[in-house]
Amino acid sequence: MRGAGLAVVLLVALVGIFLTWKAVPSLLHNKAPFLTSRVWSPDTNPPRFGIAALLWTTVISSIVAMLLAVPVAVGVALFITQYAPKRLATPVAYVVDLLAAVPSIIFGLWGIAVLGPVLAAPNSGLRQGIENSLGWIPLFSSTGVSAGNVFLASIVLAIMILPIVTALSREVFLQVPRANIEAAQALGATKWETIRMAVLPFGRPGVISASMLGLGRALGETIAVTIILSTPNIGAPFDPSLWAGGETFASKIANAAGEFDTPQKTGAYISAGLVLFVVTFAVNAVARVVISRRKEV
Amino acid sequence: MAKRIDTSGLDVFYGDFKAVEDVSLTVEPRSVTAFIGPSGCGKSTLLRTFNRMHEVVPGGRVAGKVLLDDEDLYAEGVDPVAVRRTVGMVFQRPNPFPTMSIYDNVASGLRLNGVKGRTLLDETVEQSLRRANLWEEVKDRLNKAGSGLSGGQQQRLCIARAIAVEPQVLLMDEPCSALDPISTLAIEDLIFELKNRYTIVIVTHNMQQAARVSDRTAFFTIAGAGKPGRLIEIGDTAEMFSRPSERATEDYITGRFG
Ligand SMILES: Nc1ncnc2c1ncn2[C@@H]1O[C@H](COP(=O)(O)OP(=O)(O)O)[C@@H](O)[C@H]1O
Ligand SMILES: [Mg+2]
């Protein structure tokens, strides 16, 4: 076990070192501020590239996906563990687990072919509803809707991370000690009150870490996001709205993967990949810390 | 308001298994009634029918009557949740809510009942902790987690939580079995004080404890594995320990059995 763990750590470290080694020459030649610039022209001389727009779209699409997925996942997990009779709980749990087995390309296709047109249609009730209720948040205000908008990507990502968040939440809700539940019941707590007094407080660290793992997954998801998001035209002003298209780290790299012709250009993309690597790693690390903290108490 | 409990012809089941058979007894208000008997004879099971906690176990059901004063706890339309708000329970292992502070633990039942006013909550929390003989030990750390207390303190915290809502009956299932002798004495003293206000039923496997704290004792036994538990006799504790009317009781309390 220890040896295998060590091997994995070593492998991750090697990947990190390899990426850094490939990225450094390009980063040294880069004439734009890497972390804050939104330009991306890695094959000019000198190259100018920055990750600000990529970071924004990656993080915002994933966070919105998490915000959409977590309440649903917690609701489903509570239904399965607390409310449903066994003969209903088992099939529901099974169906949610089954979602995890659907290849991401299928989710991407569904998003682009089914949900996308619904959301982007000029008279889309769903979109208008969202704009009317949430339009005061700059993120949700729109000047125009891109067919492959970030919000569409977020919904698809939410569905994709739903199984893992549900499964982990279900697990922690099942671990709530009987004694805690009976304490609430004996005080005259209703089902829902028992959930609020005993189940949710006990499950909270687990749900938080499950959400972080889901977030980590959304951050790195490539294929579905790549085929959904409309790439903004080169030179178009950056639009931070959820109704605009955009590019994430993963979709940017995937879209360019066919044209890695010079080490300088490749290095620029690898630099972007490196940032994704660090962000995802950090999110997962936080999730692990939350999990292990709970085990100690 | 302390109330009386009457059961008549009570059978208690786990699915098809009958765990307790034909129990008819009366628990007097403002007194302590002890349930004794060998393990597995259904003391806990019977106790949990008095606040309808028995039903939270899948397949748990009863036949017969349980009256609280004159109200049938199992009559149609009686909400088990409402029953549990008037019949409090203390468990074998102290079970304070681990994520709540000491204060919030005691206040939890009040909040369930919709009490919101800060002064009323403060007063009731203090009063309940005082009645549970815990106030002096925790008054400076009310906002600390209840799980940081010793086992005996946690059990008194659970008692404070149970009495904060002024229950009519207090059920205790071996409340001292996980505690050291000093904590046990503290709880026994507390039970003695509490009986002035509440009807108390305590399950115990400790005969000395039954003799020390209870006014009346009910002795149960079981004919063999897989058979239901039965009530052998119930009566005045002093009487029962000096002159039991049944041979089985005498054998049990003198240690010849169980
Ligand atoms: N949850 C349960 N499901 C099925 N049978 C149970 C359950 N709890 C207790 N029993 C059975 O009911 C009988 C009485 O148990 P219990 O009330 O715990 O006895 P006591 O408290 O007197 O030791 C025992 O035979 C026990 O095995
Ligand atoms: Mg018992």
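This is a predicted model: local features need pLDDT of at least 70, side-chain atom pairs count only at pLDDT 80 or more; totals for chains, interfaces and linings use all residues.
The crossing of α6(B) and α7(B) is right-handed.

- Helix α6 covers residues 151–163 of chain B, and its partner, helix α7, covers residues 181–194 of chain B.
- Two packed helices are described by the angle between their axes and the distance between the axes.
- For α6 and α7 of chain B, that angle is about 20° and the axes are 9 Å apart.
- Since angles under 35 degrees count as roughly parallel, α6(B) is therefore roughly parallel to α7(B).
- On the α6(B) side, the contact is made by G152(B), Q155(B), R156(B), I159(B) and I163(B).
- On the α7(B) side, the residues involved are S183(B), A186(B), I187(B), L190(B) and L194(B).
- Sorted by class, the contact of α6(B) with α7(B) has six nonpolar, three polar and one charged residues.

**Salt bridges**

- How many salt bridges does a search of the whole structure find? Over all chains, there are 26.
- One of them links E131(A) to R127(A), with the closest N and O atoms 3.2 Å apart.
- Both E131(A) and R127(A) sit in helix α5 of chain A (residues 125–134), four residues apart, which is about one turn of the helix.
- Over in chain B, E21(B) pairs with K18(B) in a salt bridge, and here the closest N and O atoms are 2.7 Å apart.
- In that pair, E21(B) has 18% relative accessibility, so it counts as buried. K18(B), at 23%, counts as partly exposed.
- Why does E21(B) count as buried? Buried means under 20% relative accessible area, and E21(B) is at 18%.
- The side chains of D104(B) and R111(B) also meet in a salt bridge, at 2.9 Å from N to O.
- D104(B) is partly exposed, with a relative accessible area of 25%, and R111(B) is partly exposed too, at 37%.
- Some salt bridges share partners: that is how D43(A), E259(A), D261(A) and K265(A) are joined into one network.

**Backbone spots to look at**

- Where in chain A is there a cis peptide bond? Look at the bond from N45(A) to P46(A), where omega is near 0°.
- P46(A) is found in the loop between β1 (40–41) and β2 (48–49) of chain A.
- R52(B) isn't a glycine, yet it has a positive phi of about 60°.
- You'll find R52(B) in the loop between α1 (43–47) and β4 (60–68) of chain B.
- R52(B) is buried, with a relative accessible area of 10%.
- E174(B) is another residue other than glycine with a positive phi, in this case near 45°.
- The loop that holds E174(B) runs between β7 (169–173) and α7 of chain B.
- With a relative accessible area of 13%, E174(B) is buried.

Notes. Residues are numbered from 1 along each chain as its sequence is written. Chains are lettered from A and ligands numbered from 1 in the order in which they are written. Side-chain values use heavy atoms; hydrogens and water are left out. A salt bridge is a side-chain nitrogen of Lys or Arg within 4 Å of a carboxyl oxygen of Asp or Glu. Helices (H or I, at least four residues) and strands (E, at least two) are DSSP runs, numbered from the N terminus. Buried means under 20% relative accessible area, exposed over 50%, partly exposed in between (1.4 Å probe, protein chains only). Axes are lines fitted to C-alpha atoms, for helices over the stretch in contact, and angles run from 0 to 180 degrees between N-to-C directions. Angles under 35 degrees count as roughly parallel, over 145 as roughly antiparallel, 65 to 115 as roughly perpendicular and the rest as oblique. A crossing is left-handed if the near helix is turned anticlockwise from the far one by less than a right angle, and right-handed if clockwise. Contact means heavy atoms within 4.5 Å. Ala, Val, Leu, Ile, Met, Phe, Trp, Tyr, Cys and Pro count as nonpolar, Asp, Glu, Lys and Arg as charged, and the others, Gly among them, as polar.
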